[in-house]
Amino acid sequence: NGSACQTIVYSPTATLSANPFAINSGESSTLVWSSSNADSCTGTNFNTGGATSGSVSVSPPTTTTYSVVCTGPGGQAPDQATVTVTVTNKKPIFQEN
């Protein structure tokens, strides 16, 4: 009568947020990601370096959706965040009378 050894594998979680989530063109936003029960995280449109948590500054020229997928023994967990960019035209506008 052999005893079975049971291994419990927890599913990973992933969280990605942008602060601020709305910027003007030329400004920057900070992406912050974190995870649990994960060995590594991969970013789309930004580089995580494989880290399971961290932050990175981004300056997208137009509205951009960033996503992260964290992988662990229990599978994968995705999350995403969008930085909305308002394009400001700073050129003077000349009107003819």
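Reader: What share of the contacts in the protein chain with a separation of 6 or more comes from residues 24 or more positions apart?

Author: It's 50%, where contact means heavy atoms within 4.5 Å. Keep in mind that this is a predicted model, where local features need pLDDT of at least 70, side-chain atom pairs count only at pLDDT 80 or more, and totals for chains, interfaces and linings use all residues. Residues are numbered from 1 along each chain as its sequence is written, and side-chain values use heavy atoms, with hydrogens and water left out.

Reader: How many helices and strands does the protein chain have?

Author: Zero helices and seven strands.

Reader: What makes strand 1 and strand 3 a pair?

Author: Two strands pair if DSSP finds at least two bridges between them. Strand 1 and strand 3 (residues 29-36) are joined by seven, so they pair, and they run antiparallel. Ala18, for one, sits opposite Leu31 in strand 3.

Reader: Which strands make up the open sheet, and in what order?

Author: Three strands, ordered 1-3-5, with antiparallel pairing. Strand 1 (13-19) and strand 5 (54-58) are at the edges because each has a single partner strand, leaving one side of each without a neighbour in the sheet. On average, neighbouring strands here are turned by 20° against each other, direction ignored.

Reader: How much of the protein chain counts as buried?

Author: 26% of the 97 residues, buried being under 20% relative accessible area (1.4 Å probe, protein chains only).

Methods: Helices (H or I, at least four residues) and strands (E, at least two) are DSSP runs, numbered from the N terminus. Buried means under 20% relative accessible area, exposed over 50%, partly exposed in between (1.4 Å probe, protein chains only). Axes are lines fitted to C-alpha atoms, for helices over the stretch in contact, and angles run from 0 to 180 degrees between N-to-C directions.
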